[in-house]
Amino acid sequence: MKVLVIDVETTTKNKGHPFTEENKLCTVQLYSSVTKQPEIFRIEYDDQPYGGACSRIAELIQGHDLLVGFNIKFDLHWLRRYGISCFQEKEIWDCQLADYICSRQEHRVSSLDEVCDFWGIEGKTHEVERYWDHGVDTPDIPWEVLSSYALNDVVITWNLFCAQCEALAEKNNMYNLILIDGQDLLALEEIEWNGLKWNREGAEVHAQSIQSELSSLADNINRYLPEGIGRDLSPTSNDDISALLYGGILEWEEQEDYLFTYKDGRTKIKSRRIPKATTLPGFCKPLARTEVKKGGYYQVGEDVLLNLKEFYDKRGRELIKLILEYREKSKLVGTYLLGLSSKIDEMGWRDSMLHGNLNQTVTRTGRLSSSNPNQQNMAGDVKEFIVTRYANQS
């Protein structure tokens, strides 16, 4: 079996995210089991044409059977972005994923250094990372420094792959499981690449209608405060809700004008903020073992509020209902309807697609997880704004 190890170096915006349009692929480095030599290709490191390099990389991929990498889905995204998609028919071995499987899901999202240490492999150098830490982007790092670092990484990944294969020499089931998960990885790469089309305009219109509901809900919650309190409470503040439900100190500041006298006798009206506080009586006792580290305050998460059985009266039950409804709608607006649009802007996804991560090495149960943004278990109000990318279809 011919094995090709793949690694890439990119510009660093959003941690080199392959769907951030501003980012560029700077180098691709390969290690072939045939030549036993690492090779590096300049892509957008300088102003030199890189079409020939991309063609040569594609030829090498086509001439090998198994592609190896560390968190290789990242590398495959970058190859595809530069027109190299011939990896889709290959077998895949991700050393990070292999380590996760071999550790029985204990090593989650491990770094290359951590995995090398576990497998007894010499780790990577960090000189390039020092440049990054000081704000120097990849194309501005001296070539001798960048190339040495990049070639070392691809050799390390080859050594790690060899160590994993040696350990699995008599464990065919585990070896085959890693290869099967490699095929799953290709499917996930395809899903992430395609993304989910987000109806930004529709989501923002819906968010505006919900924000008027939030204002009304907040007013109703604040009616439960005693008269004469100097401020409204925030339904999303755990401290405020804890003080309202269980009794406690509600703090705020007020603007106060005062007369300031200079040394020469001149006077002037100035303003300052004065701390204020009041103690709320509360409605019931908190549940056992729900006190938080900040003394005098208690947990007020959804699970806790749903279990506050001390609220026998209608007024108390209505207050909890209002708080839960406010939080649900606030999350819908902040995390999803407006939050996903903000995520698209933040990440530079100019195709208006959500290119979230589908992770194979996060949970202890081997299940997939989703992040940046989390696209699992979205509410129905959110799903209706994930739409088809094709015209005249719904």
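**Labels and the values behind them**

Author: Let's start with a pair of strands in this predicted model: S1 and S2 (residues 25-32) run antiparallel to each other, joined over 7 bridges.

Reader: What makes S1 and S2 count as a pair?
Author: Pairing needs at least two bridges. S1 and S2 have 7 bridges, so they pair. Within that pairing, Asp7 of S1 (residues 3-10) sits opposite Gln29 in S2.

Reader: What is the order of the strands in the open sheet?
Author: The 5 strands go S3-S2-S1-S4-S5, and the pairing is mixed. On average, neighbouring strands here are turned by 25 degrees against each other, direction ignored.

Reader: Which helix lies across S4 and S5?
Author: That's H3 (residues 95-102), which runs at about 70 degrees to S5. Helix H7 (residues 172-194) packs on the sheet too, touching S4 and S5, and its direction makes about 105 degrees with that of S5.

Reader: Back to Asp7: how do you know that it has no salt bridge?
Author: A salt bridge requires a side-chain nitrogen of Lys or Arg within 4 Å of a carboxyl oxygen of Asp or Glu. For Asp7, which is buried, the nearest side chain of opposite charge is Lys124, 6.9 Å away. That is beyond the cut-off, so no salt bridge is counted.

Reader: Why is Cys284 called buried?
Author: Buried means under 20% relative accessible area. Cys284 comes out at 12%, so it gets the label.

Reader: And why is Glu106 called partly exposed?
Author: Its relative accessible area is 47%. Exposed would need over 50% and buried under 20%, so Glu106 falls in between. You'll find Glu106 in the loop between H3 and H4 (112-119), where it touches Tyr100 and Arg364. Glu106 and Val362 are 256 residues apart in sequence, but 9.2 Å apart in space, C-alpha to C-alpha.

Terms used: Residues are numbered from 1 along each chain as its sequence is written. This is a predicted model: local features need pLDDT of at least 70, side-chain atom pairs count only at pLDDT 80 or more; totals for chains, interfaces and linings use all residues. Side-chain values use heavy atoms; hydrogens and water are left out. Buried means under 20% relative accessible area, exposed over 50%, partly exposed in between (1.4 Å probe, protein chains only). Helices (H or I, at least four residues) and strands (E, at least two) are DSSP runs, numbered from the N terminus. Lys and Arg count as positive and Asp and Glu as negative; His and the chain ends are not counted. Axes are lines fitted to C-alpha atoms, for helices over the stretch in contact, and angles run from 0 to 180 degrees between N-to-C directions. Contact means heavy atoms within 4.5 Å. Lists of a residue's contacts leave out its neighbours within four places in sequence.
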